[in-house]
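The sequence and structure come first.

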Amino acid sequence: MLKEGQIRIPSGCAISGIFSKSGKRISGDAIIKSIATMHDRSNGLGGGFAGYGIYPEYKDFYAFHVFYDGDVAQDECEKFLERHFDIINLSKIPTRKTPGITDAPLIWRYFVTPLPTKLDESQLDEREFTARCVMKINKGIEGAYVFSSGKNMGVFKAVGFPEDVGEFYKLYEYAGYCWTAHGRYPTNTPGWWGGAHPFALLDYSVVHNGEISSYDTNRRTIEMHGYKCTLLTDTEVITYIIDYLNRKVGLTLEEIAGVVAAPFWQVIDNMPQGEKEKYSYLRKAFSSMLITGPFSILAGFEGGIMALNDRLKLRSMVIGEKDDMFYAASEECAIRVLEENLDRVWSPKGGEAVIATLNRGVL
């Protein structure tokens, strides 16, 4: 494998997403096939997937996917989980030996629900209680990392090319109404299992192509609201910003796009009065959550997916539609390999959010 610096990958990193607006469940084979077409955009130092609707038999329980460095970390984490949650089921996440994936940590899965007594004592709602527990584990238990914590969804990631990661986790055995995928070409951080995409908290997940120059400002801001960025990577902070603005503040996804990829002031000045007031407020109220630098992201959430470019469109993003299917990817080939005859294909403008939801179509 060529080392970093020996080959130039323009706009390196690849993202891909598949979504069924009718809720039809799609095999994980499809997303592996899609991301594999963009093999040359990554360098084998990270790949991963998020699937929604993959655990219908446990849809009412939080699915914790956890990396462990060893037995000591696992023992400490499981004691914490037993004190705070009712564990409905636990097991190793099924994997298979794959030549491209080595040095795997212990990878376990827990289906849990908060203990009523602990939830009452906390005086928090269920989702906030769960999110805080995830933060406590990731910050306080050395060698344990909860990398997925939503209901009826799961993240699967590793160091390797994404098609090898999909084979390693046997994603062909899963089916969901939404899939996102990432092929990583790290530039400022090392390739390691925790640093692979997607990043997730509760049902929010993000895959990202780009480099955020506002990371430190964004990180310091979100940590004032109780989050802890333990992975030192920009994609993690994007996930927490989306969670905070949507779940805690109550902004819509369109409004969140108006924060993280806010229109320039000269654009706002030329908007109709109502929109001008709205976007002026968002820029002023959440100015430190503006994300600067080149990026394209796919954000998954319960019942939908959002595609978003930076406001200068410095990273590629292509959208396609066919009947009830919605596709988004860094390159059109990743869509055409799944559906050659699209009803519509286009590239969104910089800062333009494209959102697909169950039964509502594309916004």
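## Aromatic cluster

Tyr-55, Tyr-58, Phe-67, Phe-111, Tyr-145, Phe-147, Phe-156, Phe-168, Tyr-169, Tyr-174 and Trp-193 make up one aromatic cluster. The model is predicted: local features need pLDDT of at least 70, side-chain atom pairs count only at pLDDT 80 or more, and totals for chains, interfaces and linings use all residues. Residues are numbered from 1 along each chain as its sequence is written, and side-chain values use heavy atoms, with hydrogens and water left out.

Rings of Phe, Tyr and Trp (its six-membered ring) pair if their centres lie within 6.5 Å; planes under 30 degrees apart count as stacked, over 60 as edge-to-face and the rest as tilted. The structure holds 18 aromatic pairs.

Helices (H or I, at least four residues) and strands (E, at least two) are DSSP runs, numbered from the N terminus. Phe-67 is in strand β4 and Tyr-145 in strand β7, so their pair ties together parts that are 78 residues apart in sequence. Phe-111 is buried at a relative accessible area of 3%, where buried means under 20%, exposed over 50% and partly exposed in between (1.4 Å probe, protein chains only). Phe-67 and Tyr-145 are buried too.

Lys-151 lies over the face of Tyr-62, at 4.8 Å from the ring centre. For Lys-157 the ring is that of Phe-199, with the charged end 4.2 Å from its centre.

## Sheet and helices

Four strands form an open antiparallel sheet in the order β5-β6-β4-β7; two strands pair if DSSP finds at least two bridges between them. At the edges are β5 (85-92) and β7 (144-148), each pairing on one side only. Neighbouring strands are turned by 30° against each other on average, direction ignored. Axes are lines fitted to C-alpha atoms, for helices over the stretch in contact, and angles run from 0 to 180 degrees between N-to-C directions.

Seven bridges join β5 to strand β6 (residues 106-114) in the antiparallel sense. Phe-85 stands opposite Pro-114 in β6. Helix α2 (residues 71-84) packs on the sheet, touching β4 (62-68), β5, β6 and β7, and its direction makes about 10° with that of β6; contact means heavy atoms within 4.5 Å. Helix α4 (residues 126-140) lies across β4, β5, β6 and β7, at about 140° to β7.

## Cysteines and Ile-238

With a disulfide taken as a pair of cysteine sulfur atoms within 2.5 Å, the count is zero. The sulfur of Cys-178 is 19 Å from the closest cysteine sulfur, in Cys-13, too far for a bond. For Cys-229 the closest is in Cys-133, at 18 Å, also too far. Cys-178 is buried at 0% relative accessible area, and Cys-229 is buried at 5%.

Ile-238, in helix α7 (residues 234-249), is buried at 2%. Leaving aside neighbours within four places in sequence, Ile-238 contacts Val-206, His-208, Ile-212, Ile-291 and Ile-297. Ile-238 and Ile-212 are 26 residues apart in sequence and 9.6 Å apart in space, C-alpha to C-alpha.

Terms used: A charge sits over a ring if NZ of Lys or CZ of Arg is within 6 Å of the ring centre and within 35 degrees of the ring normal.
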